[in-house]
Amino acid sequence: MTDDFTPTPALATVTETQRQMLPFVLQLADTSLILAHRLSEWCGHGPILEQDLAMANIALDLLGEARSYYQYAAELEGQGRTEDDLAYLRPAVEYRNPLLVEQPNQDFAHTIVRQFLYDAFHYHLLLQLQQGSDAHLAAIAEKSVKEAAYHIKWSSEWVIRLGDGTDESRQRIEKAIRNLWRFGGELTTPTATEQTLQIAGLVPDYTALQQQINAHVARVFEEATLPVPENVFAQQGGKDGRHSEHLGYLLAELQYMQRTYPGMQW
């Protein structure tokens, strides 16, 4: 009899599956973090005080969600890195957020369209993840979906207000839709990693998810008296680490303190 322990094939499979989950969990974390930072840039600059607070609160929700994902990612990686290391000490090419969330705020209409496109994806993704086989992701999704339900309600209502509002509000949101719609397709276009996880049953089928998103968008745009864009080229690359120049500038601000004073403690 020997004290050596040889993992069974089943245990080895679980370990490999968890290694495959790491890029996806980082993608979720990066997406929440970057969008949270973009929304935080509105703090003190919102059109009215109530919406200034609303965007700040959504940013805090997303930041909390990002922390949960980064903590899980650090656990999956098993290299001793912390959530702060993953958030503050990686270069832009290692970030896996979709291009949509790194786009600049510009005006309020652009911020609303960006948020609406993401919320329509995010909310329906969380609904599926909380029913998934990864218990850790399911727990994060179960908590976050309550907040995401408010987010999608908020952005949907503002799409309707701006679309069916004044001439200027309609012009602004139509311009925002023209500028940002091309980034929405990347959200439901699976990377090679996501395809592998979908086959393993760890990530939802994006085809079915897209149908749910389309149905929600159609309802909101109909009430907003806005046409749904068709046959728009999907700009992609962010989930594979190919980003716009905007992410570099954003990270220069986001990571400044940790880069300047490594390992600082408050």
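Predicted model: local features only at pLDDT ≥ 70, side-chain atom pairs only at ≥ 80, totals over all residues.
**Helix packing**

Two packed helices are described by the angle between their axes and the distance between the axes. In this model, helix 5, which covers residues 108-129, packs with helix 6, residues 135-163, at an angle of about 145°. The axes of helix 5 and helix 6 lie 7 Å apart, and their crossing is left-handed. The contact between helix 5 and helix 6 comprises 20 nonpolar, 7 polar and 1 charged residues.

**Salt bridges**

Side chains of opposite charge can pair when their charged atoms come close. The model has 10 salt bridges in its count. The table lists pairs from among them.

| Pair | Closest N to O distance |
|---|---|
| Arginine 38 and glutamate 41 | 3.0 Å |
| Lysine 153 and glutamate 157 | 2.8 Å |

In the pair of arginine 38 and glutamate 41, arginine 38 is buried because its relative accessibility is 7%, under the 20% limit. Glutamate 41, with a relative accessible area of 29%, is partly exposed.

Lysine 153 and glutamate 157 both belong to helix 6. They are 4 residues apart, so about one helical turn separates them. Glutamate 157 is partly exposed, at 31% relative accessibility.

A spacing of 4 residues is also found for arginine 170 and glutamate 174 in helix 7, residues 167-184, and about one helical turn therefore lies between them. Arginine 170 has a relative accessible area of 24% and is partly exposed; glutamate 174, at 27%, is likewise partly exposed.

**Two tryptophans**

Tryptophan 42 is located in the loop between helix 1 (9-40) and helix 2 (49-77). Its relative accessible area is 11%, and tryptophan 42 is therefore classed as buried. Although tryptophan 42 and phenylalanine 108 are 66 residues apart in sequence, their C-alpha atoms are 9.2 Å apart in space.

Tryptophan 266 is found in the segment after helix 11 (256-260). This residue counts as exposed because its relative accessibility is 89%, over the limit of 50%. Tryptophan 266 also belongs to a nonpolar patch on the surface, together with Tyr256, Met257 and Tyr261. The accessible area of these four residues together is about 580 Å².

Conventions
Residues numbered from 1 in each chain as written. Heavy atoms only, no water. Patch = residues over 30% accessible without salt bridge, like charges linked within 9 Å, V, L, I, M, F, W, Y side chains within 5 Å. Areas by Shrake-Rupley, 256 points an atom, 1.4 Å probe, with all protein chains shown as cover. Salt bridge = Lys/Arg side-chain N within 4 Å of Asp/Glu carboxyl O. Buried < 20%, exposed > 50% of the residue type's maximum accessible area, 1.4 Å probe, protein only. Axes fitted to C-alpha atoms, helices over the stretch in contact; angles between N-to-C directions. Left-handed = near helix turned anticlockwise from the far one by under 90°. Nonpolar A, V, L, I, M, F, W, Y, C, P; charged D, E, K, R; others polar.
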